[in-house]
Amino acid sequence: MVWHKEVAVPAAMTMAPADPEPVHVIAVTGGKGGVGKTSICANVGIALSRRGHEVMLLDADLGLANVEVLLGLRSERNLSHVLKGDASLEEIIIRGPAGMRIVPGASGIARMANLSVAEQAGLVQAFSEILGPVDYFLIDTAAGISTDVINFNRAAQEVVVVVCDEPASITDAYALIKVLSRDQGVERFHIVANMVASEQEGRELYNKMWAVTDRFLDVVLRYLGAIPNDEYVRRAVRKQQAVTEAFPRSPSAVGFSRLAAAIEGWPRPQVVSGHLEFFMERLVHARPDESL
Ligand SMILES: Nc1ncnc2c1ncn2[C@@H]1O[C@H](COP(=O)(O)OP(=O)(O)OP(=O)(O)O)[C@@H](O)[C@H]1O
Ligand SMILES: [Mg+2]
């Protein structure tokens, strides 16, 4: 795709890059902690990059095992510096494996929901100035159903819900889907079954999720795929590398590539709101549910 920097844009899209193909904004979430959100986000991102796409990953997880740590990268600055006006977005972005761009958000965006109006505007502006096209914008969300997690999911175009075959994971994933569908109007969810013993177990886990959501909620639940429980994931963590990089032929790496191929098959959003600054607008102008 050619990047036309000089093309004039309509006034309504002020600052919008003239990228003819809108970015696909995908939130990776799950409700429960430790189900593999960060691992999936990082490895699918790398797999998509390897397949020739421009990928940007927003680290919206404040936990200790964040994307940078997982990939053995170090960021001196993060989104808080952009918000304070001390750095541009381009300056804080770090390059990960296969050229994937990572926006370090950890600790800098402790409370996205509480940004001042000036900070909100600054954030939208910053994302309007990103250089070059972005095909996929992946968001690694934190565990739980805090206002920030809800807002990231609500503002994304697609929500990937990571589930493990254990009651707490199924219950938490269901609670998250319920809140997002009932209170935020999110209708479509993609299920990834992580740490499964077999392909069949992944399907069965999806069927369980489908049965309970179909009965009580008005949502479309799709099966994106499964990642096996794979010792190589843990070995890669110890090496501070992504498993897709360190052990590309391992069972989980094959699974991540399959997920990337499935995501590649999704239809592109044909709307102007597919630009990153519009995502940021949706994000910062969310009306958080006070009861959360
Ligand atoms: N498919 C897998 N096979 C084996 N181990 C896995 C797999 N997926 C994730 N893990 C391991 O599970 C642990 C938790 O993974 P990860 O940090 O990706 O989860 P998370 O959902 O992002 O957690 P948090 O809620 O803390 O952000 C890590 O030690 C990771 O190596
Ligand atoms: Mg995580």
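Visitor: Which polar backbone atom is 3.0 Å from an oxygen atom of ligand 1?
Guide: One of G34. A polar contact here is a pair of N or O atoms within 3.5 Å; within protein, one must be able to donate a hydrogen and the other to accept it, and residues adjacent in sequence count only if both atoms are side-chain atoms. This is a predicted model, where local features need pLDDT of at least 70, side-chain atom pairs count only at pLDDT 80 or more, and totals for chains, interfaces and linings use all residues. Residues are numbered from 1 along each chain as written, and side-chain values use heavy atoms, without hydrogens and water.

Visitor: What does S39 do with ligand 1?
Guide: A polar side-chain atom of S39 is 2.5 Å from an oxygen atom of ligand 1.

Visitor: And P228, how far from the ligand nitrogen?
Guide: A backbone N or O atom of P228 sits 2.9 Å from a nitrogen atom of ligand 1. On its own, ligand 1 has 630 Å² of accessible area, and the protein covers 82% of that (Shrake-Rupley method, 1.4 Å probe).

Visitor: Which residues come nearest to ligand 1?
Guide: K37, T38, S39, D61 and P228, out of 18 around it (a heavy atom within 4 Å). The shell divides into seven nonpolar, seven polar and four charged residues. Ala, Val, Leu, Ile, Met, Phe, Trp, Tyr, Cys and Pro count as nonpolar, Asp, Glu, Lys and Arg as charged, and the others, Gly among them, as polar.

Visitor: Which elements supply at least two residues each?
Guide: Helix 1 (37-50), strand 7 (188-196), strand 8 (220-228) and helix 9 (231-238). These are DSSP runs numbered from the N terminus: helices are H or I of at least four residues, strands E of at least two.

Visitor: Where does ligand 1 sit?
Guide: In the largest pocket, with sitting taken as more than half of its atoms within 2 Å of the grid points. On a 1 Å grid over the protein atoms alone, a pocket is an open set with protein on both sides within 12 Å along at least five of seven lines, a cavity is a set of points where a 1.4 Å probe fits but cannot get out, and lining residues have an atom within 4 Å of a point.

Visitor: What is the pocket's volume?
Guide: About 390 Å³, the space filled by probe spheres set on points joined across faces, edges and corners. Helix 1 gives the largest share of the lining, four residues.

Terms used. Chains are lettered from A and ligands numbered from 1 in the order in which they are written.
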